[in-house]
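Let's walk through this one together, question by question.

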Amino acid sequence: MVHISDGILAPWIWGSGWVITAAILAYTLSKMKIDDVPKISVITAAVFVASLIHFQAGPTSVHLILSGFAGVTLGILAYPCIFIAVVMQAFLFQHGGVTTIGINTVNMGVPALISFLIFKAGMKLNVGISKNEILFGAIAGGTAVALAVLLLAVELLVTGEEFTEVTTFVVAAHIPVILVEAIFTGVIAGFFAIVKPEMLSIKKRL
Amino acid sequence: MISEIDIYAGLSSPIHRWDPRLKVISILALIFSIMLLYDLKLVIISMLFAIILVYISRIPFSFVVGRLKWVFLFLMPFLIILPFTIIGEGVEIARIGSITLNFRGIESVEFAVMIVIKALTAVMLIFPMIGTSRMDITIKALEDLHLPNKLVQMLAFTYRYIFVLSNEFMLMERSLTSRGFKRGSNLYTITTLSKAIATLFVMSYEQAERVFYAMRSKGYAGKVTTMHEFSLRPQDWLNAVVVCGFAIFVQVAVWYGTLEGA
């Protein structure tokens, strides 16, 4: 639901979305090694497939967004990952829009980058618990969704005053997602720390 | 289960025969042009044009409508909520306590309808654009159009893994069910599914790595190789002129309209 369809946002907003996405993509792709392709592709496909899984959250059904998860596992490469996931969703499964690929990538990708920074900072911190992957994974996962919803809300409101009620609806619908996503990312980060630490972007210092 | 978009790529139609490179570029230009429109009449004309393209491409309408249904569900809140407001100006239609529900007037209904039609038109155009060539051919076309090679590779790999992963997830779900797992709104459901998905990721990651190294050892260097060679015929250019011509036509119509209005 965080991906916005075609034709809703003002053209200058989705236009600038493309510009920002092109700039960040150019930078992150230059940092990407060709051997990263399988890892990123699997995470991208996973982000995509997981978004098809629905959780019952109170009266509504929500699906995962996993941008925080991408940040925790891929670091800055989460941005191309989310770009590809958004492109796939738009073209192959008609989720979101074509002209809005740029802005949708900004909405989910920038929070993913921020969640990576949170996770990175958290891994350096010694909070006195044995598994800070779970704690900071959860914080990163929740923050990513909250920020994505915030960005979308701002864009809708800037587009026009008539979107106020729709925005309220969208924000309210996402509160359970934030919670579910936080738990999900925390559990996965903890799981990877034990089972396959190389899948995390940051390794805990021993 | 998700079905592949290119299941009708084997049909034969003028759009199937159209060179994929020009096809992708022309229809993309058309989508962008339509998204810039803010005139209900022109938007409706564009939708008719999109329907004609789908008709020519011989992709069954039932397939297209099946996909449009989900887009429409997503757009429903806009259609229902947009014409009404609780803070803006309008005709009062209901009052619940201190909250007044106002109707914004017929213009806002028109605006909401226009948004929905624009979105549906964009989705409809995706079918003649991607649905009429095999996915590997489309990806090769993207490479020919000089999309960054890393992105092309990611697209190709991700597309394949989506189907692998969703199959494996279904298997995992079946084994969870056979062990008595039920989804509910509780922490147990979320943590159990999270761990199941995490296991799936680890398995797929290892598999992806093995496949990638196997491909590398057989000489894969990131270039998309297919038996299909692209060649441009006059007909390809003619198709491009028609589709891009329409994209330009609607913009000229808007420009002309503002001139008349001023």
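Helices here are DSSP runs of H or I with at least four residues, strands are runs of E with at least two, and both are numbered from the N terminus. One thing to keep in mind as we go: this is a predicted model.

Q: How many helices and strands are there in chain B?
A: Read the elements of chain B from the N terminus on, and the order is α-α-α-α-β-β-β-α-α-α-α-α. Counting by type, chain B has nine helices and three strands.

Q: What radius of gyration does chain B have, next to that of a compact globule of 262 residues?
A: Start with the box that the C-alpha atoms of chain B fill, roughly 65 × 60 × 30 Å along the principal axes. A compact globule of 262 residues would come out near 18 Å. For chain B, the radius of gyration is 24 Å.

Q: How far apart do the C-alpha centres of the two domains of chain B lie?
A: Domain 1 of chain B takes in 5-133 + 231-261, while domain 2 covers 149-217. Between the C-alpha centres of domain 1 and domain 2 of chain B, the distance is 34 Å.

Q: Are α6(A) and α7(A) roughly parallel or roughly antiparallel to each other?
A: Helix α6 (residues 132-159) and helix α7 (residues 164-195) of chain A pack with their axes 6 Å apart, at an angle of about 160°. Angles over 145 degrees count as roughly antiparallel. The two helices, α6(A) and α7(A), are therefore roughly antiparallel.

Q: How many nonpolar residues are in the contact of α6(A) with α7(A)?
A: The crossing of α6(A) and α7(A) is right-handed. Their contact includes nine polar and two charged residues. The nonpolar residues in this contact number 22.

Q: How many residues of the side of chain A that touches chain B are nonpolar?
A: Here, 51 residues of chain A are in contact with 61 residues of chain B. Elements of chain A that each supply at least two residues to this side include α1 (11-30), α2 (37-50) and β1 (54-57). Besides 10 polar and six charged residues, the nonpolar ones on the chain A side number 35.

Q: Which residues in α8(B) meet α2(A)?
A: α2(A) and helix α8 (residues 187-217) of chain B pack at about 145°, with axes 9 Å apart, and their crossing is right-handed. By class, this contact has 10 nonpolar, two polar and two charged residues. From α2(A) come A:Val37, A:Pro38, A:Lys39, A:Ser41, A:Val42, A:Ala46 and A:Ala50, and they meet B:Ile197, B:Phe201, B:Ser204, B:Tyr205, B:Ala208, B:Glu209 and B:Phe212.

Conventions. Residues numbered from 1 in each chain as written. Chains lettered and ligands numbered in written order. Predicted model: local features only at pLDDT ≥ 70, side-chain atom pairs only at ≥ 80, totals over all residues. Axes fitted to C-alpha atoms, helices over the stretch in contact; angles between N-to-C directions. Parallel < 35°, antiparallel > 145°, perpendicular 65-115°, else oblique. Left-handed = near helix turned anticlockwise from the far one by under 90°. Nonpolar A, V, L, I, M, F, W, Y, C, P; charged D, E, K, R; others polar. Contact = placed C-beta atoms within 7 Å. Domains from an automatic or database assignment. Rg over C-alpha atoms; globule rule 2.2 N^0.38 Å.
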